[in-house]
Amino acid sequence: MTAPKVLITGASSGIGAIYADRFARRGHGLVLVARDAARMEALGNRLHAETGVNIDILPADLGKEAGVASVEARLRDDADIGVLVNNAGLSVGGPFETQSQADLSNLVAVNVVAVQRLAHAVAPRFVAAGTGTIINVGSVVGLVPEFGQAVYGATKAFVLFLSQGLAHELGPKGVYVQAVLPAATATEIWSRAGADPAQIPPLMGVDALVDAALVGFDRREPVTIPHLHDAAQWDTYQAARVAMIPGFAQTVPAPRYRADLT
Ligand SMILES: NC(=O)c1ccc[n+]([C@@H]2O[C@H](COP(=O)([O-])OP(=O)(O)OC[C@H]3O[C@@H](n4cnc5c(N)ncnc54)[C@H](OP(=O)(O)O)[C@@H]3O)[C@@H](O)[C@H]2O)c1
């Protein structure tokens with residue numbers, strides 16, 4: 001069986017470029033998506049020379065309608081694509097009240113809307129085939145409002161929820177959905193967001209991050225958090241959430257909200 005083709009968004013640098021390298025070395029053809037065509041051409045040429053796999057470049061701005069639509073079309077029409085890596089993303093620096101609405105709208109467009117639309121474009125084909133993989137790159141920031149990146153964190157909370165929800169809905173239909181939640185990793189995302197070098201925390205290497213994420217992928221983990229050493233903490237967090245579910249099925253408000261009881 002030939003390895004399915006992998007479409008990777010945000011493949012021009014950082015985590016996406018390493019995903020491209022690793023999937024090429026595993027024998028997968030690639031479709032690389034980002035805005036910077038020249039960087040993707042250079043990466044594609046190198047990986048083709050080193051691995052022999054076919055690599056297509058699909059330049060697209062995922063913050064713009066035309067860009068998302070072109071990638072949606074490719075995902076719908078190219079039956080060889082069996083893996084979608086929703087990795088493209090950005091953050092916006094500065095405090096909420098000074099961030100520009102244009103920057104925040106673009107953040108939500110790329111980190112949320114494009115992720116949802118690309119998953120939605122490919123899902124019918126994967127469900128019909130009874131197989132396929134969607135990898136969504138979120139962030140631990142989506143678990144930590146205390147980091148003070150409200151909108152970026154909210155986009156990443158969306159990515160985690162979407163991934164868990166799609167795993168629940170599409171998993172029984174043969175589609176594997178993985179959320180990858182990196183913490184601080186050495187990529188361009190920091191400089192692109194204008195981060196003060198003095199404020200940047202210790203960073204994990206991007207090769208180590210992606211290799212760890214692929215260990216989770218090979219194990220078919222639903223959620224992979226390479227920086228988190230104590231996996232029991234995540235399990236406890238999930239168990240506490242799931243334990244609340246029966247508590248939501250009430251028809252009267254909790255006593256603490258009943259004016260007639262106070
Ligand atoms: N590095 C970290 O510490 C860290 C931690 C947690 C999560 N993450 C997540 O990891 C993912 C990858 O980021 P990275 O750290 O590898 O950063 P990066 O090196 O800055 O890469 C971001 C990628 O997204 C692409 N991109 C940005 N805006 C785009 C747009 N409008 N349309 C299409 N592509 C766009 C960029 O390509 P072009 O500029 O060529 O378009 C680039 O390939 C993101 O989702 C990020 O939120 C990173």
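This is a predicted model: local features need pLDDT of at least 70, side-chain atom pairs count only at pLDDT 80 or more; totals for chains, interfaces and linings use all residues.
Residues are numbered from 1 along each chain as its sequence is written, and side-chain values use heavy atoms, with hydrogens and water left out.

**View A. Packing of helix α1 (residues 14–25) against helix α7 (residues 206–218).** The two helices pack at an angle of about 60 degrees, with their axes 9 Å apart. Helices (H or I, at least four residues) are DSSP runs numbered from the N terminus; axes are lines fitted to C-alpha atoms, for helices over the stretch in contact, and angles run from 0 to 180 degrees between N-to-C directions. α1 and α7 are therefore oblique to each other, given that angles under 35 degrees count as roughly parallel, over 145 as roughly antiparallel, 65 to 115 as roughly perpendicular and the rest as oblique. The crossing of α1 past α7 is right-handed (the near helix is turned clockwise from the far one by less than a right angle). Contact (heavy atoms within 4.5 Å) involves G14, I15, I18, Y19, R22 and F23 of α1 together with V206, D207, L209, V210, D211, A213, L214 and F217 of α7. By class, this contact of α1 with α7 comprises 10 nonpolar, one polar and three charged residues; Ala, Val, Leu, Ile, Met, Phe, Trp, Tyr, Cys and Pro count as nonpolar, Asp, Glu, Lys and Arg as charged, and the others, Gly among them, as polar.

**View B. Packing of α1 against helix α2 (residues 37–51).** Here the packing angle is about 20 degrees and the axes are 10 Å apart; α1 and α2 are therefore roughly parallel to each other. α1 and α2 cross in a right-handed sense. A17, A20, D21, A24 and R25 of α1 meet L43, R46, L47, E50 and T51 of α2, a contact with five nonpolar, one polar and four charged residues.

**View C. Helix α4 (residues 101–129) alongside helix α5 (residues 150–170).** The axes come within 9 Å and cross at roughly 10 degrees, so α4 and α5 are roughly parallel to each other. Among the contacting residues are L104, L107 and V108 of α4 and V151, Y152 and T155 of α5. The contact of α4 with α5 divides into 15 nonpolar, three polar and one charged residue.

View D. Polar contacts (pairs of N or O atoms within 3.5 Å) include a polar side-chain atom of Y152 at 2.7 Å from a ligand oxygen atom. A backbone N or O atom of N87 lies 2.8 Å from an oxygen atom of the ligand, and one of I189 lies 3.4 Å from a ligand oxygen atom.

Definitions and conventions. A polar contact is a pair of N or O atoms within 3.5 Å; within protein, one must be able to donate a hydrogen and the other to accept it, and residues adjacent in sequence count only if both atoms are side-chain atoms.
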